[in-house]
Amino acid sequence: MYSIDKGSLAINNQKFTIEGNIVKVLPNASTRTLPFKLSLVEDNIRFTIDEKRPDIENILVNSHRYNETGQVVLRKGLALSENVQSKLTENVVKFQFNSHFEAELQFSPIRLIVSYKGTPQLIVNNDNLLNMEHWRSREDPAEDHLHPEESDYDLFLDSFADSKADTIPLGPEAVAVDFTFKQFNHLYGIPEHADSLELQQTSGSEPYRLYNVDIFEYEVDSRLPMYGSIPLLIASKPELSIGIFWINSADTFIDIDKSTEDSKSHWISENGVIDFIIFIDETISGVNKKYGSVTGYPQLPQLFSLGYHQCRWNYNDQKDVLEVHENFDKHQIPYDTIWLDIEYADAKKYFTWNEETFPNPEHMLKVLDRTGRNLVVIVDPHIKTGYEVSNELVEQQLTINDNTNKTYYGHCWPGESIWIDTFNDKAKSYWDTKFAWATTFMGGKSTNIHLWNDMNEPSVFNGPETSAPRDTIHSGNWEHRSVHNLYGLTYHEATFESLKKRLRGHTRERPFILTRSYYAGSQKTAAMWTGDNMSKWEYLKYSIPMLLTSNVVGMPFAGADVGGFFGNPSSELLTRWYQTGIWYPFFRAHAHIDSRRREPWMPGDPYTSIIRNAINLRYSLLPVFYTAFYESSKSNLPIMKPVFYEAPENLEAYSIDDQFYLGDSGILVKPVTEENGEDVDIYIPDTEIYYDFTNGKLGKSYKLDKPGHISMEASLEQIPMMLKGGSILARKERYRRSSKLMYKDPYTLYVALNDQGAANGSLYIDDGESYDYESGNSILVNFEATSDKIIGTVVGNSDYTSTMDDVVIEKIIVVSGRKLIVGDIVVKQGEESSCRFSLSKNRQELTILNPKIKISSGWTIDLKESGIDHDEL
Ligand code: NOJ
């Protein structure tokens, strides 16, 4: 029923595009024209299919297919590949890209086949599921438009209880296509679902669904939609990975079929255009990088936001906030940020404070600031009716409108509310004024206040599926159904831009925003969390695959509520949750309003001490986390990294989702997520040396002959960790009250030699708060070790290196799987000096004491007459 009209083709090899028409033949033999365009953007294939519709009259909404999702999420100024060789023959056009890859577009039946070194790897429309429900009028006889395989229920009526009021002004509009991944068995991505890391077979059962919703008490092991969506699916095998980025923001279903030696995915969206980009690369990291180059790399957040966040719904008043704040210091537990949920505002009217409970926010912010602490306050997109902000939004017509194009009214936390339409540029400018510099709401001139954007799916308590009706209308007269999954992103981006304007020129310029709803592209401006989980063991367990998935699809700044949102965790569960939560890129404890207090000191010892140790471990690793975020901001590196990334040849590793690496640091963690856990079997995916690194302390070394499990002790006070041979990492090991107070603390280096006696690693440093790093004010140290030398090379401009001149490396610990021979240790950084050291009894651990190395310039340590004793084990 679909074919490409060869006569319509226009091929431009200079800036590569193939444009033309697809012809759809209807049952009554009439035809419809579907213009398509295939292009190579940044060397990735992008394919779009639109529909040429007749002029549709008497209609309020925009009658075109929504084709602006790409405009919102893709980086501006993407380049088209130049001088591409293509060949047009009878029924196909072929072209080559990126040296190893070639593609062919067949005209009838339509197929797009992408090959690697001559072998087909991806076939688009292999199962002929390409479909675009063309426009028809309500009055048209159904039999003229429906092929026998199409269902014949009234496509202008929605019979679901929740949404039967939907006016469906444009009738059926769905788009669909299928992708076959040749000889691939492992698929990932398309969050958000409370599911395994690997996508499961769904053919014959509930497909994965992407529809941003405020899901109440979500269940685990589910394909149901959740708060956010990123329509990126990645298929991976040892020699190749392929990403499909489906650029459509409407309700979307994805069916997965892994029942044959190939894997298949079938995508259907309620409306919009067909628009997808294919990323193909020899490694999955390569796919990640390409996706980042097109949608933007994750932000480099303020350092404080990688520290510990203390939240609950709600800290009651200013006194309560400051008491909790003091208790952290009393119990010697570091933290960086305290949070205020919806009760801080007067009657939940955002941009106001309840003057009785929070009489002096500026003072509160000042007290927090003395020890480098921050405050995050919540501002949701629903605005209570009957006060200044909502009145102005209504007057200026900056709201989401109902299907008659008048302000839409619904219910949310404050009662009757309206919703700001952040697709409207004027609404964004209005938003700027609300966060403007020195407003009382933002604590006057405070710069330690940041934002939480919740309920932005949007959540509408009395709306269909607890969201906005699909026929509500946004700027440009676009129906909500077309932009639904994108709304949350436009909202948090608007907040980000407003805060950026507010903070411009100040020392702490980088805005921090947590969002519940998100879409592809959100990584540039926000962190996400997995919403309302429960204080139950299975939610702790599922937090790991959920966050791994988020990391795989380029949204690494992700976390889950530590302790679980609903309910009251046992002290053991709470403790285990902290031991897991310290690995979440975004590390925040949160609790429901009805939950009992559970700040780290509440359970008492031994729990409190164990939680303190866990949080201290996180703080000691902040340089490693920050370096991983830096890498991610350049290449889309997952921060919680699935095991198979590190061992792509090992097929067994592709399914492991209860343990992970921390970025490229070599730290491998398997948190305990079971009650009464006493030990864990950690999976080692390769034959490298691994060092026991329980609680961040180096221990015994292991080297397996083949990938397999090692049993590790995991009593309540133990966090099972390994450090991979070949890694070097830098930590800061002194207790401070917040990350800001650690800024100039000395570093301790951990050098874990591999079997050849070598290791390397890196450390990224900047001021952690401003955008000065963009003009080069940063330091990147590359470390390299061999068995007789350790070298640090530094890249950084002199302005910044001189600021950091007083920061030193105070200790270096070197471990080896074999016995070390150590003669003299000489440090060279300008001058040469000998250095004290100690060697462990088994001669596998060397500690270099106070080498007095400045972090800001290069250095060498000669381990004279030293090396590895290769004969002795
Ligand atoms: C729902 C959010 O998921 C939760 O974290 C928050 O506490 C409540 N809304 C109240 O704002």
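Me: Which strand gives the largest share of the lining of the largest pocket?
Reply: That's β17, with 3 residues. Strands here are DSSP runs of E, at least two residues, and helices runs of H or I, at least four, numbered from the N terminus. This is a predicted model, where local features need pLDDT of at least 70 and side-chain atom pairs pLDDT 80 or more, while totals for chains, interfaces and linings use all residues. Residues are numbered from 1 along each chain, and side-chain values use heavy atoms, without hydrogens or water.

Me: How much space lies in the largest pocket?
Reply: About 1400 Å³, counted as the space filled by probe spheres set on grid points joined across faces, edges and corners. A pocket is an open set of points on a 1 Å grid over the protein atoms alone where a 1.4 Å probe fits, with protein on both sides within 12 Å along at least five of seven lines; lining residues have an atom within 4 Å of a point.

Me: Which residues are closest to its centre?
Reply: Of the 42 lining residues, those are Glu133, Tyr153, Ala174, Ile268 and Glu270. β11 (175-181), β16 (252-257) and β17 (263-269) each give two or more residues to this lining.

Me: And how does that lining divide by class?
Reply: Into 19 nonpolar, 9 polar and 14 charged residues. Ala, Val, Leu, Ile, Met, Phe, Trp, Tyr, Cys and Pro count as nonpolar, Asp, Glu, Lys and Arg as charged, and the others, Gly among them, as polar.

Me: Switching over, what volume has the second largest pocket?
Reply: About 690 Å³. Its lining has 30 residues, with Glu493, Phe496, Glu497, Lys524 and Thr525 nearest the centre.

Me: Which helix gives the most to that lining?
Reply: α7, with 6 residues.
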